[in-house]
Amino acid sequence: METMPKQLPPAFAHLAGKAVTIVAFGDSNTQQMHWTYGYCNWVGLLSMGLFSVFPEGALVINAGKSGDTMAKGLARLERDVLRFDPEVVIFGFGTNDSSSTTPEQFRAETVEAIRRIRARRPETVIVLRTQLPILNMYTGAEEELVRSNGRELTIADRRAFVQVTREVAAAEHTLLVDHYESWRRSTESSCRGDLCALLGNPAHPNHLGHRRLYHEIAPLFSAYPHFFFEWERVLRDQDRLSFW
């Protein structure tokens, strides 16, 4: 189906009419993992969603690596990000950092990564994503205490890293996707138990959870937010069905 190109948001206006390279840079919630049961994770969904945003083509490279911290990301920044000379880089760190370093160190490492990318290409659009809350698989509530790498992490401990991501985004003038705030609001709703259906384990969304992550990222690009399986068409009123 041929569609008219969408008008790009201001942050991406300079990329209109161009073929773009986008690198998704992060940990296991970026990498295509077994938690999605073979379905696309948010990176794959983004690649699909950008068809009408960048009609000249959008190459979306998944540079996620399970277990990574920002420090480990810095060590592979040249190989997995800079060598592709991307127009857009989407960060997704913090979960593993919270059990291995301090918020201050995480801040310094994130800023260093951003500045190294911009030193190579100043106009690169950078998007920071906050980590997700760690949820109880039975209730959908945020876990009060998590043990990881020999540490006991309270909600306040984990939120300190979320706040660093927010503050770096503001200070370094990057875009921000605040997954944490979105999911936190859901944990405080009367339907919080439904969050369990989006989880592979307390720290990893399943394929349905990755649909939600994509739904939270898509508006930045004015990308189409909803995808469905082809067989679902028979369940819908096809006279009113619209792909775009």
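This is a predicted model: local features need pLDDT of at least 70, side-chain atom pairs count only at pLDDT 80 or more; totals for chains, interfaces and linings use all residues.

Biologist: What is phi of Asn149 near?

Modeller: Phi is near 55° there, a positive value in a residue other than glycine.

Biologist: And is Asn149 buried or exposed?

Modeller: Asn149 counts as exposed, because its relative accessibility is 61% and the cut-off for exposed is over 50%. Gly150 is in that loop between β5 and β6 too, and at 83% relative accessibility Gly150 also counts as exposed.

Biologist: Which other residue has a positive phi although it is not a glycine?

Modeller: His173, with a phi of about 55°. You'll find His173 in the loop between α5 (155-171) and β7 (175-177). His173 counts as exposed, at 68% relative accessibility.

Biologist: OK, zooming out. How many helices and strands does the protein chain come to?

Modeller: Seven helices and nine strands.

Biologist: What does the radius of gyration say about the protein chain?

Modeller: The protein chain has 18 Å, and a compact globule of 244 residues would be near 18 Å, so the two agree. Along its principal axes, the C-alpha trace spans about 55 × 45 × 30 Å.

Biologist: What share of the residues is buried?

Modeller: Buried residues make up 50% of the 244. As for the contacts with a separation of 6 or more, 74% are between residues 24 or more positions apart.

Biologist: And how much accessible surface is there?

Modeller: About 11,900 Å², and 53% of that belongs to carbon and sulfur atoms.

Biologist: What about charges? How many positive and negative side chains are there?

Modeller: There are 27 positive and 29 negative ones, and the centres of the two sets lie 1 Å apart.

Biologist: Let's go inside. Which residues have the most contacts inside the largest nonpolar core?

Modeller: Ile22, Trp42, Leu50, Phe54 and Phe221, in a core of 31 residues. β1 (20-26), α1 (42-49), β3 (88-92), β4 (125-129) and α7 (207-221) each supply at least two residues of this core. The largest share is five residues, and it comes from α7.

Biologist: Take Leu50. What is Leu50 in contact with, leaving aside its neighbours within four places in sequence?

Modeller: Ile22, Ala58, Val60, Phe221 and Ala223. There's also a second, separate core of 23 residues, which includes Phe25, Ile61, Ala113 and Ala169.

Biologist: Back to α1. Why is α1 largely enclosed by the rest of the structure?

Modeller: Because six of its eight residues are buried. Those are Trp42, Val43, Gly44, Leu45, Leu46 and Gly49. The cover over the buried residues of α1 includes β1, β2 (58-64), β3, β4 and α7.

Biologist: What's in the loop between β1 and α1?

Modeller: Thr30 is one of the residues found there. Thr30 is buried, with a relative accessible area of 1%. Setting aside neighbours within four places in sequence, Thr30 is in contact with Ala24, Phe25, Asn41, Trp42, Val43, Asn62, Gly64, Gly92 and Arg129.

Biologist: I always check histidines. Where is the place of His207?

Modeller: His207 is in helix α7, and with a relative accessible area of 15% His207 is buried, since the cut-off for buried is under 20%. Leaving out neighbours within four places in sequence, the contacts of His207 are Trp35, Thr36, Tyr37 and Tyr39.

Biologist: Last one, Phe84. Where does Phe84 lie?

Modeller: Phe84 lies in the loop between α3 (77-80) and β3. At 28% relative accessibility, Phe84 counts as partly exposed. Not counting residues up to four places away in sequence, Phe84 touches Thr21, Val23, Ile61 and Arg79.

Biologist: And how far are the C-alpha atoms of Phe84 and Glu142 separated?

Modeller: By 37 Å, with the two residues 58 apart along the chain.

Definitions and conventions:
Residues are numbered from 1 along each chain as its sequence is written. Side-chain values use heavy atoms; hydrogens and water are left out. Helices (H or I, at least four residues) and strands (E, at least two) are DSSP runs, numbered from the N terminus. The radius of gyration is taken over C-alpha atoms; the globule rule is 2.2 Å times the number of residues to the power 0.38. Buried means under 20% relative accessible area, exposed over 50%, partly exposed in between (1.4 Å probe, protein chains only). Contact means heavy atoms within 4.5 Å. Accessible areas come from the Shrake-Rupley method with a 1.4 Å probe; for residues, only the protein chains shown count as cover. Lys and Arg count as positive and Asp and Glu as negative; His and the chain ends are not counted. The place of a charge is taken as NZ of Lys, CZ of Arg, CG of Asp or CD of Glu. A nonpolar core is a set of buried Ala, Val, Leu, Ile, Met, Phe, Trp, Tyr and Cys residues joined through side-chain atoms within 4.5 Å.
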